[in-house]
Amino acid sequence: MKIKVPVKRPAKSESDQTQHNGGLTSKDFASGQEVRWCPGCGDYSILKQMQTVLPQFGIDKENIVFISGIGCSSRFPYYLETFGMHSIHGRATAIASGLKATRPELSVWIVTGDGDGLSIGGNHMAHLLRRNFDVNVLLFNNEIYGLTKGQYSPTSKLDSITKSTPLGSLDHPFNPSAFALGADGTFVARSMDRDPKHLQEMLKRSYEHKGTSFLEIYQNCNIFNDGAFFSYTEKDVKKQNALFVEHGKPMVFGHEDEYGIKLNGTMPEVVKLENGDSMDDLWIHDERDPIKANIIIRMESIYPKQNFPRPFGVFYEGQRPNYEILMQAQINNAIAQKGKGDLDVLIAGNETWTIK
Amino acid sequence: MSHIIEEKQNVVIKFAGDSGDGMQLVGTQFTNNTASVGHDLGTFPDFPAEIRAPQGTLPGVSGFQIHFGSTEIYTPGDTYDVLVAMNAAALKSNLGNVRQGGILILNTAGFDPRNLKLSGYVTNPLDEDQLSTYLVYKIDITKLTREALLDIELGVRDKDRSKNMFVLGFIYWLYNRKPENTIQFIERRFKNNPEVKNANIKALKAGYNYGDITEAFSSRFKVKPAKMAPGTYRSITGNPALALGLIAAAQKTGLQLFYGTYPITPASDVLHELAKHKNFGVKTFQAEDEIAAICSVIGTAFGGNLGVTGTSGPGVALKAEAMGLAVMLELPLVVLNIQRAGPSTGLPTKTEQSDLLQAVYGRNGECPMPVLAASTPSSCFDIAYEAVKMAVEHMTPVMVLSDGYIANGAEPWKFPKAADLKDIDVRIVRSKESEEKFMPYLRNENLVRQWAVPGTQGLEHRIGGLEKEDITGNVSYDPDNHQKMVKLREEKIERIADFIPEQTIDSGKDKGKVLVLGWGSTFGAIKSAVTELIEEGFEVSHAHLKYIKPLPKNLGKLISQFDQVLIPEINNGQLIKLIRDKYLIDAKGFHKIKGTPITKNELKEEILRVYQL
């Protein structure tokens, strides 16, 4: 079978978000299907940012595939004019693995949620990450089951009062980034629906990473869990509570950038810059350091009394071979060593006899 | 020493010992040797689920049964002419199946007080006259093997592991065979371990020579080659045959073969076989679980590749939801079910045909899928090939049923030439055919949609598990559309009946008193029983189903020509439900659910009982 191998067109200008190389615009990526999320849902913004950045990658639409599971987030592929599959609960990761294993040239995106990706599909998520297929996972986290109308999810805070937990939830929640790092994910990042610029940047970084990109996106469910992330996403409090990490830059937050984080050995500490510490004393973020990435994503929960901010950005980016490349290499090696298989020889096997 | 050579037509040998005694290896080697001298044969390996079951006990007995001869062989045989028992437990669990006057070759070292106690013998059967109706050869195989290996630098434990080769050598002598193929096998297998290699070859030769120089054995046996159709043959077991059929189909279609699976008895050998043939471009993927296995296959099928997953009943249960997705997506893929005894974990290494209804009905919603059944080890090749053809030509997942008996049993196979394999029509759309928007659920005259794969410009579309609108494939909650789509999906599968051959009678006339209707691994037993009854003058016929969904179009007419229809199955009555439901006839069932194949003799009795009705 001949399948057209996509040619990545060089991006002319990344700052121009609608007009781009190759003539495609964000409108070309809208499927024309009526979008059916609840009015005010955070998913609208994520879809918009995705449609905005897609033309900038310079790939033809037919070489992009979005695969989703089940849940509100999983309607996503219907609204993009690419190839897409709205599959079954929790399995988008496994479906994407099979597709990428046999069509490595495609740009494969997995759209999932906190329930789909970490509860029913948690197993596959871990295995996808350790295999490091070159695919992109967008995990919309709203800390609630929306489509089934309001039960707690594996990322819901302890004691969450929901339809299924009228007396409060008992489950200790997952920290999705820690989960991804624990499974040896090679790209672990977090963004939010209500910061389009940051989200676009993170989507681009996900695309550029060679390996499984795990991008957790805070997404407001205004029906069943409204405001779950407002302390990090809303203008008046965002600077105080959210830390946007950038590679090679000191960790600074606060309305006036007046706070920083210092790292004493493995112990992080919030410092106020005017109290004697300067920018030079702060922790400089190094995306390539998986140990420090673990500290970043866990500091808030491990040291609850210190009021650490909630981190966003790329926590870790490492390199490891991609499964689909290794898989093809084994085949190429086998052919190099044994020659291309001859079907008649194979069917006949090692020992035959003839009856006349 | 000269020995009388007696000629035999057919022989059944059972090798039995502890699961660590290497009986499966002895059986496989003897099978290959038997095939290479031109006998027809059938085998039945029978082993415990545990890798090293408790030594010396009855549940720990591992056996390999082979039936070979100069006539056509359809089963591994009902009773044994020769039993090789490496210990007391092996004798105790098999003696009931040895024919009166049969040969017992007993390893006396396996009848020490400990073995006797573990196997529940109160007195030593070697000392009693309870074996007086058999021809008994008592050989201290353990001691003789150790003596033969005196000058080999190996520990006693390692030396004792060669005693299976002593047995094999002796049997080669007894049946007048040359042991060369096994010597070559040992040389290949232990090429990096010269001591073990030498020990095995020495033990093999010692066993052979032992027969030659010992006066105790007055006769050797000779079996003439079978009168088989001219051609080139090889020996094959069911699982490798499935693997070869899949590779053949991939080569024929030019599609990339992707086998996503999770290890499970008795299906894993399909994976092992495919993994050996990467130079055919085969991609094998050991997924994290059964669900991931079939989902990876759905992903690869969406990408325009040949996706196959293989498992056994418990795995099929886990895959059910994903099979439903494949039915909804109308993507081609193949699901292999190498059945074993259930329910739940059941008897993992024992055979059963109890997943037929699961195959036909076992998914949520109205979820039709074609079901094909292999009947013998070599038929697995054709079934796998045909399943791929059906899947890609009709854009549907296809279920293939085999079972542990077929998977592990061996038979001679007159294999086909690659060039003679049927053509397969792949419906991938290579480019956009018109200016209009691509309609993913537009169907041809056989109700088959097109296979539009990523990478094809202008064919971008979204599919999913939600109900599809006819033609457009858009999500639809319309009640009339749902009814229409349910009917369309069913009709699409039923129309496959137009593309499969009509059902034929395998043995006997096309009308008569009793039709024995079978499917799957009961083929050999039914064929043998019916053939004998016909020779004895009974009006009995045998038809064997390969296509279970859809059923062949003429089946109703075919079965109406008989007074009685008897359906023997290794389950509690499953095909019989489908036949009664579809044709409203009072079919009779015969159900054996013991984890073992139906034997010819018990089936003959049952056919005669129905004959009297």
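Residues are numbered from 1 along each chain as its sequence is written, while chains are lettered from A and ligands numbered from 1 in the order in which they are written. Because the model is predicted, local features need pLDDT of at least 70 and side-chain atom pairs count only at pLDDT 80 or more, whereas totals for chains, interfaces and linings use all residues.

**Figure 1. Confidence of the model.** The model scores ipTM 0.94 and pTM 0.92.

**Figure 2. Domains 1 and 2 of chain B.** Chain B is divided into domain 1 (4–223), domain 2 (234–420) and domain 3 (512–611); such bounds come from an automatic or database domain assignment. Between the C-alpha centres of domain 1 of chain B and domain 2 of chain B the separation is 34 Å. Their contact takes 13 residues from domain 1 of chain B and nine residues from domain 2 of chain B, where two residues are in contact if their C-beta atoms, placed from the backbone, lie within 7 Å. On the side of domain 1 of chain B that touches domain 2 of chain B, the elements giving two or more residues are α1 (23–36) and β3 (40–46) of chain B. Helices (H or I, at least four residues) and strands (E, at least two) are DSSP runs, numbered from the N terminus. The most is given by β3(B), with six residues. By type, the residues of this side of domain 1 of chain B are eight nonpolar, four polar and one charged. Here Ala, Val, Leu, Ile, Met, Phe, Trp, Tyr, Cys and Pro count as nonpolar, Asp, Glu, Lys and Arg as charged, and the others, Gly among them, as polar.

**Figure 3. The contact between chain A and chain B.** This contact takes 55 residues from chain A and 63 residues from chain B. The elements of chain A that give two or more residues to the side touching chain B are β2, α2 (92–102), α4 (122–131), α10 (323–338), α11 (343–348) and β12 (353–355). Of these, α2(A) gives the most, with eight residues. The residues on this side of chain A divide into 25 nonpolar, 18 polar and twelve charged.

Figure 4. Nine strands form an open sheet with mixed pairing, in the order β7(A)-β11(A)-β5(A)-β6(A)-β4(A)-β3(A)-β1(A)-β2(A)-β17(B); two strands pair if DSSP finds at least two bridges between them. At the edges stand β7 (242–245) of chain A and β17 (462–464) of chain B, each with a single partner strand, so one side of each is left without a neighbour in the sheet.

**Figure 5. Strand β2 of chain A and its partners.** Strands β1 (residues 64–68) and β2 (residues 83–86) of chain A run parallel and are joined by four bridges. One such pairing sets Ile67(A) against its bridge partner Met85(A) in β2(A). β2(A) also pairs with β17(B), in the parallel sense, over three bridges, and here the bridge partner of Gly84(A) is Arg462(B). From β2(A), Phe83(A) and Met85(A) point one way, and Gly84(A) and His86(A) the other way; all are buried. A residue is buried if 20 or more other C-beta atoms lie within 10 Å of its own, exposed if 12 or fewer, and partly exposed in between, with C-beta atoms placed from the backbone.

**Figure 6. The surroundings of Gly40(A).** Gly40(A) lies in the segment before α1 (43–53) of chain A. This glycine, Gly40(A), counts as exposed because it has 12 C-beta neighbours inside 10 Å. The C-alpha atoms of Gly40(A) and Asn220(A) are separated by 8.7 Å, although these residues are 180 residues apart along the chain.

**Figure 7. Backbone features in loops of chain B.** Most residues other than glycine have a negative phi, and most peptide bonds are trans. Thr265(B) and Pro266(B) are joined by a cis peptide bond, with omega about 0 degrees; Pro266(B) is in the loop between β10 (257–261) and α10 (268–275) of chain B. The peptide bond from Gly342(B) to Pro343(B) is also cis, with omega near 0 degrees, and Pro343(B) lies in the loop between β13 (333–339) and α13 (356–361) of chain B. Met395(B) has a positive phi, near 50 degrees, in the loop between α14 (379–394) and β15 (397–403) of chain B. Met395(B) is buried, with 23 other C-beta atoms within 10 Å.
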